[in-house]
Amino acid sequence: MTMSQPTKTTCPYCGVGCGVLAEASADGNVAVRGDPDHPANFGRLCSKGSALGETVDLDDRLLYPEIEGQRVSWETALDLVASRFTETIAEHGPDSVAFYVSGQLLTEDYYVANKLMKGFIGSANIDTNSRLCMASSVAGHKRAFGTDTVPGCYEDLECADLIVLVGSNLAWCHPVLYQRIVAAKEKRPDMKIVLIDPRRTMTADLAEMHAPIKPDGDVALFVGLLKHLADVGAIDDAFVSEHTSGFEDTLNAAQSVDVLSIVERTGLSSAQLKDFFDLFARTEKTVTVFSQGVNQSYCGTDKVNAIINCHLATGRIGKAGTGPFSITGQPNAMGGREVGGLANTLAAHMELDKPGDRDRVQRFWQSPVIAAKPGLKAVDMFRAVADGRIKAIWIIATNPAASMPDAGDVEAALRKCPLVVVSDVIAKTDTVRHAHVKLPAAAWGEKNGTVTNSERRISRQRRFLPLPAEAQPDWWIMCEVAKRMGFGTAFAFQSPSDIFAEHASLSAFENEGNRDFDIGAFGEISQNDFDALEPFQWPRPAGESSRVRFFANGNFFTPDRKARFVKTKIEDARREHSAFPLILNTGRVRDHWHTLTRTGKSQRLSQHYGEPFAEIHPDDARHYGIADADLVRVSTGSAAVLVRALISTRQQPGSIFIPMHWTDQFASKGRVDMLVPSIVDLISGQPASKNAAVRIERFVAETYGFAVLAHKPEHIDAEYWALAKCSGGWRVELGFASAREDWAAFANALFGASPAAETIAFHDRYSARYRFACYRDDMLLGALFLASEPVAVSRDWAVAQLTEAHPRAARFKMIAGRPGIGGADKGATVCACFGVGVNEIAAAARRGCRTVRAIGESLQAGTNCGSCRAEIKTVIEMQNLQAAE
Ligand code: SF4
């Protein structure tokens with residue numbers, strides 16, 4: 001097979017922004033590998049990036065425009081969207097419409113959306129799912145620095161002597177950055193890592209110190225640290241006096257907080273606090289990394305400022321190996337910030353609440369209007385949809401019916417909205433099902449543009465696949481609607497390169513060094529130069545080179561160019577509620593991304609966790625009568641999910657963790673954001689997704705089931721089901737509240753059995769065990785195993801049967817075996833790259849492989865992307881412990 005030349009592009013998942021070399025072959029297969037020249041990853045990729053080639057097929061793609069479920073032409077769809085938006089605005093005003101967009105968009109798409117809403121429709125009702133990800137960091141940066149600047153770069157993580165990770169599970173959520181730190185620590189073992197996180201995540205395995213802080217205790221921790229820094233003389237007086245303001249007030253407030261209340265609020269002992277404070281105070285080269293554990297909180301902005309205060313006080317900012325460092329969750333959250341994709345910002349890091357900025361942007365755009373006030377932030381936007389203030393919403397590249405807090409209410413709001421337009425690449429999502437108009441968008445690999453990663457590095461995403469069927473890039477779709485609304489001149493872009501050039505020009509327009517974001521060097525970029533654009537860090541003003549770090553010598557972006565210390569409040573938002581005594585924390589798992597629309601297509605990535613789960617401490621499990629692998633119902637007053645119990649000492653007593661990924665497309669009741677209330681940080685508007693009050697109870701299933709299927713089922717009639725891609729088809733975990741009269745009918749419906757298919761069955765009514773296997777010719781269409789307790793059949797063996805031929809004489813094997821049939825079970829997948837399971841690693845450890853390297857040499861596990869090395873280490877340690885007992 002002749003391969004094309006590899007295309008240099010960028011991974012579409014997390015904010016690390018790794019460079020990818022993608023090669024498409026003539027048969028449609030896509031091979032990917034890390035780009036050795038990209039400065040974010042130098043050739044590394046994590047498990048998700050490595051499996052990108054498995055996610056580009058056209059299964060489940062939205063390929064044609066639709067109105068009310070009927071295929072229509074682009075002309076018809078675009079005309080309808082433009083006319084309905086125009087009519088709604090004419091009748092009810094510009095604030096009666098809204099766009100809800102995404103950190104998945106390329107910067108050029110984002111730029112067009114923002115320009116259309118703020119400069120031509122005249123409303124700021126455009127917000128983004130990045131509101132759920134890093135709005136508190138934006139607000140904290142702006143309060144301290146006067147603008148939304150990330151001061152440092154990834155290299156700082158490698159040259160720091162201390163890295164403090166706050167609410168950041170880097171090992172799973174930003175694995176390539178984690179690998180860069182692992183490599184740096186191997187070279188300099190004296191480098192120290194502290195993890196501050198209520199959960200003992202996989203990242204803890206790299207840390208010298210894990211501080212299991214109470215949820216949202218971070219402000220108290222960093223207020224205590226500021227006081228300690230002053231007490232031990234670690235303040236950089238020169239930096240503070242020359243480059244900051246507000247220090248005295250902030251320190252006085254910190255000094256009024258007694259140590260006991262910090263112990264109480266953080267849940268950490270005095271000794272733990274002292275160890276951390278002393279380490280921070282004596283280590284000049286310190287970077288504090290923070291992510292969603294900081295941002296997704298009712299006090300996220302105060303957390304960010306409490307962290308920044310400590311860096312300003314010690315002058316640890318802008319110098320190699322120092323600085324507060326917000327790592328974003330999404331691939332282009334930063335690009336969205338640059339174009340003003342949030343409802344309260346304006347393009348090119350200008351502000352809606354500054355009349356001079358509004359005037360400047362309007363003159364640059366030559367627009368008829370400019371939004372006069374901030375628009376509705378995500379939670380308020382969907383409330384306005386619910387109460388009828390917003391009558392038309394366009395949702396682009398995101399899935400709010402699954403990912404917004406109070407997801408059930410969001411869905412109800414969409415059901416009532418007179419016009420819901422959704423642009424997406426996937427035909428069936430929890431949100432797309434409510435769309436009156438569906439617009440097929442280009443996916444990763446099919447579109448061109450730029451993204452910005454967490455270290456301000458702008459990289460190209462490049463197209464290497466043709467646009468399938470009638471899919472179109474988002475910028476094109478929005479420009480076509482804008483033209484039909486009468487704004488043709490301002491949206492006459494011919495390519496993403498035109499849009500990038502305008503975006504760059506605006507960043508430099510009347511700038512003169514007063515605004516941090518300036519990429520004026522690219523204001524006249526040609527198509528050829530855009531095609532060849534190498535990754536670079538902003539700023540890049542015309543005639544200057546990029547600046548790697550900001551603020552070593554002050555020069556902040558406040559009116560007096562001094563940074564602001566911000567007094568932060570220590571509050572306890574936890575409301576004791578005897579009916580809902582557990583704290584729910586939500587987040588990501590290693591191998592999945594957001595709402596599974598892409599990673600759910602990969603059988604490799606679906607092996608790590610194949611179903612939604614609740615991680616619960618053994619004490620709580622005992623208290624609630626829950627055993628490992630039981631099904632559990634986790635609920636609030638108004639909503640519930642049904643998930644698998646996973647008992648783990650990584651969880652603190654009194655709290656549970658449920659991943660954010662499962663939707664109605666992959667599980668019967670797995671949408672955890674149904675349980676997250678719409679409580680937001682009052683400054684940033686970011687929802688508090690990590691501290692919800694819930695209760696848990698065992699779900700008593702009369703019958704459990706497991707099935708492998710050659711084809712994805714249309715519908716599954718069971719109280720609990722969870723669907724995961726596997727080699728040759730799909731695997732399904734099942735739970736039934738009551739036994740069925742006719743299991744054979746259930747099995748045939750699940751298999752999608754046609755008259756040509758042949759089903760064989762085994763029933764043991766005494767022990768309530770049933771097995772069915774369905775064949776067409778020699779191939780297995782499906783097998784179903786049912787029992788009164790969790791089914792103990794080897795999942796690997798059952799999955800392998802989907803791709804093997806089954807001569808008639810051998811078919812009995814499928815249904816006649818006892819639990820555990822099929823020999824050794826690899827166990828849950830740990831290494832997704834090489835498909836190595838936990839039982840194989842444990843066995844190798846028992847044979848004498850006592851290091852991650854030895855396991856790699858024996859099984860290959862952990863030798864590709866490295867995302868699983870922390871888990872391999874844990875499995876080895878468990879074996880060592882058991883051997884010592
Ligand atoms: Fe993609 Fe993984 Fe790199 Fe994130 S760390 S950008 S998910 S390859």
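**Cores and rings**

Analyst: This is a predicted model. Start at F85, which touches V97, A98, F99, A392, I393, W394, L419, V421 and M485, leaving out residues up to four places away in sequence.

User: How many residues are in the largest nonpolar core, and which have the most contacts inside it?
Analyst: That core has 117 residues. Those with the most contacts inside it are F85, F99, I196, F222, F276, W394 and F491.

User: Which helix gives the largest share of this core?
Analyst: Helix α3 (residues 107-121), with 8 residues. Another core, of 102 residues, lies apart from it, and L157, F325, A701 and V799 are among its members.

User: New topic. How many aromatic pairs are there in the whole structure?
Analyst: A search finds 35. One of them is F145 with F551, a tilted pair at 4.9 Å centre to centre and 45° between the planes.

User: Where in the chain are F145 and F551?
Analyst: F145 is in helix α4 (residues 131-145), while F551 is in the loop between β21 (536-537) and β22 (563-564).

User: Are F145 and F551 buried or exposed?
Analyst: Both F145 and F551 are buried.

User: What sits over the ring of W730?
Analyst: The charged end of K725, 5.2 Å from the ring centre.

Terms used
Residues numbered from 1 in each chain as written. Predicted model: local features only at pLDDT ≥ 70, side-chain atom pairs only at ≥ 80, totals over all residues. Heavy atoms only, no water. Phe/Tyr/Trp six-rings, centres within 6.5 Å; stacked < 30°, edge-to-face > 60°. Helix = DSSP H or I, 4+ residues; strand = E, 2+ residues; numbered from the N terminus. Buried < 20%, exposed > 50% of the residue type's maximum accessible area, 1.4 Å probe, protein only. Lys NZ or Arg CZ within 6 Å of the ring centre and 35° of its normal. Core = buried A, V, L, I, M, F, W, Y, C linked by side-chain atoms within 4.5 Å. Contact = heavy atoms within 4.5 Å.
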